Amino acid sequence: MSGHLLRVNLYLHRWTALAWIVGLAAMAFMVAALYRSVGAFDYGQFIKNLPNALIAAMGLDPKALPPAGSRYPVESWLTQEFLSWAPLAVGIYGVVYGSGAIAREAENRTLDLVLSHPVPRAWFVVAKALVFLVSVTLLVVASGVALQAGLAAAGTTFHMANLYLALLEAALAGLAIGGYSLLFSCLFLSTGKAAAVGGLLTVAFYAIDLVSRTVASIGWLGNVSLFHFYRAERVLSTGHLDWTGVAVWPLVAVCAVACAAATFQRRDILV
Amino acid sequence: MIASPAIQTVDLSKRYGSVQALEGLNLTVQQGEVFGFLGPNGAGKTTTIRVLLDLIRPSRGRAAVLGLDCRRDSLAIRRRVGYLPGDVAVYRPLTGEGLLAFLDHLRGGGCLGRGRELAERLDLDLSRQIGEYSTGMVQKLGLIIALMPRPDLLILDEPTKGLDPLVQVEIYNILSEERDRGCTVFFSSHILPEVERVCDRVGILRQGRLVAVEDVQAIRHKRVRILTVSFRQPVPREALRLEGIEVRQMDGRQATLAVYGHVPDLLRRLAELPVEDFVFPEATLEDTFMKFYSGETEP
């Protein structure tokens, strides 16, 4: 694939990517720095008094909460305030980016400019996917650094490798979402339609995961959700990745990008 | 060895849902000629061009460019073709130089110098961000993009749209040089004088069908222009009876004439008459090409 195709697309996407990176990193820093205020407070007791469904919705395991009077664990705090929704945030970025990646170029007619040159259509799709991969990698690194800085500001230390593993899971889930949004972009060549379908699917995955966690009788339903494999608190506590998720997310992303390239290769580019 | 045609379509058809955009187009453009592709909006000109560039796929038939199949050899074709779309769209955050460098890399490099040379000739500042360019400047950039690789085939969709007359003349000069170099030019335009000036042959498309292919010289003889003359005093109808002139309306001191072909005889006759004023507009596409063909060749 032409490196220039990737470089120019990275350049064109730089401000949007920067906005997401700075925004999410700033949020990560604030959450981590706030731990100073809640760490000493008997925050665990407050959480324990909430309904189990709500605790589960926060991404926490009600049984893993600390006993009354003990310091609230930093991994629980980071999970409930940042990491529980981090894959959704990366996923929304994926929907916004992926749905417009090809369709917006068609709508702006810049697709004609590139495709009237000797460039295989698949290269163009792969370049767009790689731009997202690079952006999400920077997003994860910046968020990790911001969390580390925030915890340092809160006077706390944490096992950073575990933190980065949790962020890696969030990023992989986001890549899968970005992948299928890119597919919809190639399928519809309409940013609006692709964003609507990609967004609805993502919300559906999130809702299914949430409901399956809170209603035990339909817990099995969670298996169809991309968010099902993501358990930040467990990764933060044990440093163990969910290998099913680690296999499924990239597989979904790669298959979606391959289907996007194949779809784009075959379809008419209408004006 | 006989060179394969620059463009050849056989029974080329394209349907969008219920709309038949192209129907059985059989067209041959020889290498080295400047071919005008004319027709009203929605006639199928852009559809044809997009099929040639493999941006859309035909529903039926086939198309070849420079002897290569449009679908199978799409990449090889695009290496040898320069294309200017009807509405030039470019990446506005880039500078002119940045965009040319990017597109040069996509072609494998080596033609940026030619791009700079053309920019100088067309007085286009490549150091500025494209977002700051006017419509005419974007059009110039589009032309440079098409011409930069010294292609074997140039496909130009209304190349002088939005350009001032001086730049238009420069574009005609460049196209003339390209033809001398052996480049084939496939030229879509609505401006009749431009077509007459630049093209060797024209093809006229209507409702997705090719209704005529003519030499430009032949079309000149078939040209219809409407002349309205006012006289200081009444003039008999017979005074305007000339070969190639049809008196469409005669109202004492005012006459409306349809003028076919050359006008010297008419001008000589008018000089002998008490002419007060006259209006002789440039023949439009509708007045000549389309009107002529609509009566003779139904799609």
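**Close-up 1. The open sheet of chain B in the predicted model.** Four strands of chain B form an open sheet in the order β2-β1-β4-β5, with antiparallel pairing. Strands β2 (19–29) and β5 (68–69) stand at the edges, and each has a single partner strand, so one side of each is left without a neighbour in the sheet.

**Close-up 2. The pairing of β1 with β2 in chain B.** Strand β1 (residues 7–16) runs antiparallel to β2(B), and 7 bridges join the two. Within this view, B:T9 is found opposite B:L27 of β2(B).

**Close-up 3. The kinked helix α1 of chain A.** Helix α1 spans residues 3–33 of chain A and carries a kink of about 55 degrees, centred on A:R14. Its buried residues are A:L5, A:V8, A:N9, A:W20, A:I21, A:L24, A:A25, A:A28, A:F29, A:V31 and A:A32.

**Close-up 4. B:R150, a residue with positive phi.** Although B:R150 is not a glycine, its phi is positive, at about 50 degrees. The residue lies in the loop that separates α5 (135–147) from β7 (153–157) in chain B. B:R150 counts as partly exposed because 14 C-beta neighbours lie inside 10 Å, whereas 20 or more would be required for a buried residue.

**Close-up 5. B:E158, in the loop between β7 and α6 of chain B.** The loop holding B:E158 leads from β7 to α6 (165–181). B:E158 is a residue other than glycine, yet its phi is positive, near 50 degrees. With 19 C-beta neighbours inside 10 Å, B:E158 is therefore classed as partly exposed.

Technical notes. Residues are numbered from 1 along each chain as its sequence is written. Chains are lettered from A and ligands numbered from 1 in the order in which they are written. This is a predicted model: local features need pLDDT of at least 70, side-chain atom pairs count only at pLDDT 80 or more; totals for chains, interfaces and linings use all residues. The bend at a residue is the angle between axes fitted to the seven residues ending there and the seven starting there. A residue is buried if 20 or more other C-beta atoms lie within 10 Å of its own, exposed if 12 or fewer, and partly exposed in between; C-beta atoms are placed from the backbone. Two strands pair if DSSP finds at least two bridges between them.
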